[in-house]
Amino acid sequence: MAVSVGACESLTGTSERGEGAFGRVRKSVVCGLDRVRVARRLVVTFYLVNLLCALILAVPFWSILSRFAGQSSMGAEIATRIEMVFVLEFLYESRQAIGPMRLLILLVMLFHGLVALVLAGGAMAVLASGESYWPSVFWGKAAKFYGRFIRLALWSIVPLLVLALLPLAASGLQRLIYGSDPYQYITYWGMWIRVGLAAFALAFLGVCFDYARIDAVLSNERKMRRALWRGIRFTLRNLMVTMGLAFLLFLTGTIVFSLYRVFSGALDASSVITV
């Protein structure tokens, strides 16, 4: 969905400069939904990959959770609900058992990232064309752009290091204005400002990376530093629209998760329908 919306915005963004940001966001979302509907088999492909990675982590976590909550009916009922107090207690009390899983989590994240790069080239090519899913086109484009996207990810380390200076700059500004021992409320709000800057930097880089990949597919660019620069430039020129789309997707995920919490309390959270 994010790929399709981004592709639509990159295709329409330059031709509709006179239209407001809200109108462009709405048109991009409608266009993205329409292209996902046409190539809906892509959704199944991405879902199966995400499901596989989730199961690899969920099985050992469920074993640890079962030992922590117990095998009784009450323990099973508690373990199937999402209660933040219980989750925090579980993470704290089971930290020694969860500790060895850090390597597994890292490997799964690396595997998921590499597979996502493989699939992204094919998905962007299919969605940008507006045609239905064809396996030969999808996997051909996926193989064609895989190496380029790896180089693009490496080039993205450079702006990542630059954006990492934002929270450090905020800390330096706080120290310059309030000294080395500021009031407690200054320290508290300064911490949240640094967290907000770090979140914005990561979101901005992610949006730039997505549009750089879209540009590489649409223009068949071989030099990824050029694609990355054009992705950054496009994001900055259309900052309200591109970041607005990213925020809209984040808000949609938050709403879906909230609805899941509501319905999981009314239904059996471990049932297939609820999941």
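Figure 1. The model is predicted. The protein chain has 13 helices and zero strands. Along the sequence, the pattern reads α-α-α-α-α-α-α-α-α-α-α-α-α. Of its 275 residues, 33% count as buried. The chain exposes about 17100 Å². Carbon and sulfur atoms supply 70% of that area.

**Figure 2. The largest nonpolar core.** This core holds 29 residues. Six of them touch the most other members: Met 124, Phe 149, Leu 152, Tyr 211, Val 217 and Leu 245. At least two core residues come from each of α2 (21-38), α7 (102-129), α8 (135-155), α11 (184-219), α12 (224-237) and α13. Helix α11 gives the largest share, 11 residues. In soluble globular proteins, nonpolar side chains tend to be buried together.

Figure 3. Val 217 is among the members of the largest core that touch the most others. Neighbours within four places in sequence are left aside here. Val 217 then contacts Gly 121, Met 124, Ala 125, Phe 145 and Phe 149. Two of these partners, Met 124 and Phe 149, are also listed with Val 217 among the core members that touch the most others. A second, separate core has 10 residues. Its members include Ala 123, Val 126, Leu 127 and Tyr 133.

**Figure 4. Phe 204 in helix α11.** Phe 204 lies in helix α11. Its relative accessible area is 10%, so Phe 204 is buried; the cut-off for buried is under 20%. Not counting residues up to four places away in sequence, Phe 204 touches Leu 163, Thr 235, Leu 236, Leu 239 and Met 243. Leu 160 is 44 residues from Phe 204 along the chain. The C-alpha atoms of Phe 204 and Leu 160 are separated by 9.8 Å.

Figure 5. The patch covers about 790 Å². Its residues are Phe 247, Leu 248, Phe 250, Leu 251, Ile 255, Leu 259, Val 262 and Phe 263. Leu 248 sits in helix α13, residues 239-266. Leu 248 counts as partly exposed because its relative accessibility is 33%. Partly exposed residues fall between the buried cut-off, under 20%, and the exposed cut-off, over 50%.

Notes: Residues numbered from 1 in each chain as written. Predicted model: local features only at pLDDT ≥ 70, side-chain atom pairs only at ≥ 80, totals over all residues. Heavy atoms only, no water. Patch = residues over 30% accessible without salt bridge, like charges linked within 9 Å, V, L, I, M, F, W, Y side chains within 5 Å. Areas by Shrake-Rupley, 256 points an atom, 1.4 Å probe, with all protein chains shown as cover. Salt bridge = Lys/Arg side-chain N within 4 Å of Asp/Glu carboxyl O. Helix = DSSP H or I, 4+ residues; strand = E, 2+ residues; numbered from the N terminus. Buried < 20%, exposed > 50% of the residue type's maximum accessible area, 1.4 Å probe, protein only. Core = buried A, V, L, I, M, F, W, Y, C linked by side-chain atoms within 4.5 Å. Contact = heavy atoms within 4.5 Å.
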